[in-house]
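Please consult the sequence and the structure alongside the text.

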Amino acid sequence: MVLGLYLSHAQRAAGEPLGVAVAVHIQPEYHLYGPPESGDPVVQATSVKLLTGPNVVAPAWQLPSGKTELDVVLDSQVTTYSGTIWFYLPARIAENVPRGKLDVRIELNYQACDQDRCLQPKTIELSAPLIISETTDAPGQHAAVFDQW
């Protein structure tokens with residue numbers, strides 16, 4: 001599993017929008033599970049959580065589209081992710097954030113499975129630095145990532 005955390009800007013002012021994207025590159029022989037179709041999940045659904053506290057305000061993550069199919073091992077309809085998937089969060093810097101460095105932190109929870117078995121669930125934390133300044137016209141970064149939303 002190879003992960004990446006991307007911010008739409010390296011510098012923002014309080015109150016400005018900030019795009020947050022997480023890339024998950026899944027090894028070819030594995031898949032991850034999306035949100036359960038109904039009921040209690042039998043395996044760990046892949047989820048992302050923003051850990052930055054009240055400094056970054058955001059609605060829910062935009063989830064990748066997965067493939068819904070019958071899992072013969074679980075004997076139920078499941079949504080799976082394979083290849084490279086993206087989670088996107090249209091966030092905003094809180095109005096009262098002091099100037100200086102802010103680490104934007106996320107937590108990714110997942111369980112990788114192949115055709116026959118599942119590995120133990122994992123939790124990984126990633127962070128990316130963001131400078132909070134008075135400047136409101138800082139250039140964007142990672143345009144190829146954020147142009148798709």
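Is Gln 111 buried or exposed? At 10% relative accessibility, Gln 111 counts as buried, where buried means under 20% relative accessible area, exposed over 50%, and partly exposed in between, with a 1.4 Å probe and protein chains only.

## Basis of the model

The model is predicted: local features need pLDDT of at least 70, side-chain atom pairs count only at pLDDT 80 or more, and totals for chains, interfaces and linings use all residues. Residues are numbered from 1 along each chain as its sequence is written, and side-chain values use heavy atoms, with hydrogens and water left out.

## Surroundings of Gln 111

Gln 111 lies in the loop between strand 10 and strand 11; strands (E, at least two residues) are DSSP runs numbered from the N terminus. Its side chain reaches the backbone nitrogen of Gln 44 at 2.8 Å and the backbone oxygen of Leu 119 at 2.9 Å.

Contact means heavy atoms within 4.5 Å. With neighbours within four places in sequence left aside, the contacts of Gln 111 include His 31, Tyr 33, Val 43 and Pro 121.

## Aromatic pairs

The structure holds 3 aromatic pairs. Rings of Phe, Tyr and Trp (its six-membered ring) pair if their centres lie within 6.5 Å; planes under 30 degrees apart count as stacked, over 60 as edge-to-face and the rest as tilted. Tyr 6 and Trp 86 form a tilted pair, 5.5 Å centre to centre with 45° between the planes. This pair links distant parts of the chain, since Tyr 6 is in strand 1 (residues 2-7) and Trp 86 in strand 9 (residues 84-93), 80 residues apart. Tyr 6 is partly exposed, with a relative accessible area of 23%.

The ring centres of Tyr 81 and Phe 87 are 6.3 Å apart and their planes stand at 85°, so this pair is edge-to-face. Both Tyr 81 and Phe 87 are buried.

## Nonpolar core

A nonpolar core is a set of buried Ala, Val, Leu, Ile, Met, Phe, Trp, Tyr and Cys residues joined through side-chain atoms within 4.5 Å. The largest has 30 residues, and Val 20, Phe 87 and Ile 106 have the most contacts inside it. Strands that each supply at least two residues of this core include strand 3 (17-25) and strand 10 (100-110).

An open sheet of 3 strands has the order 4-8-7, with antiparallel pairing; two strands pair if DSSP finds at least two bridges between them. Strand 4 (32-33) and strand 7 (67-71) are the edge strands, each pairing on one side only. Strand 7 is joined to strand 8 (residues 76-81) by 5 bridges, and Leu 70 has Gln 77 in strand 8 as its bridge partner.

How values were computed:
Helix = DSSP H or I, 4+ residues; strand = E, 2+ residues; numbered from the N terminus. Polar contact = N/O pair within 3.5 Å; in protein donor to acceptor, adjacent residues only side chain to side chain.
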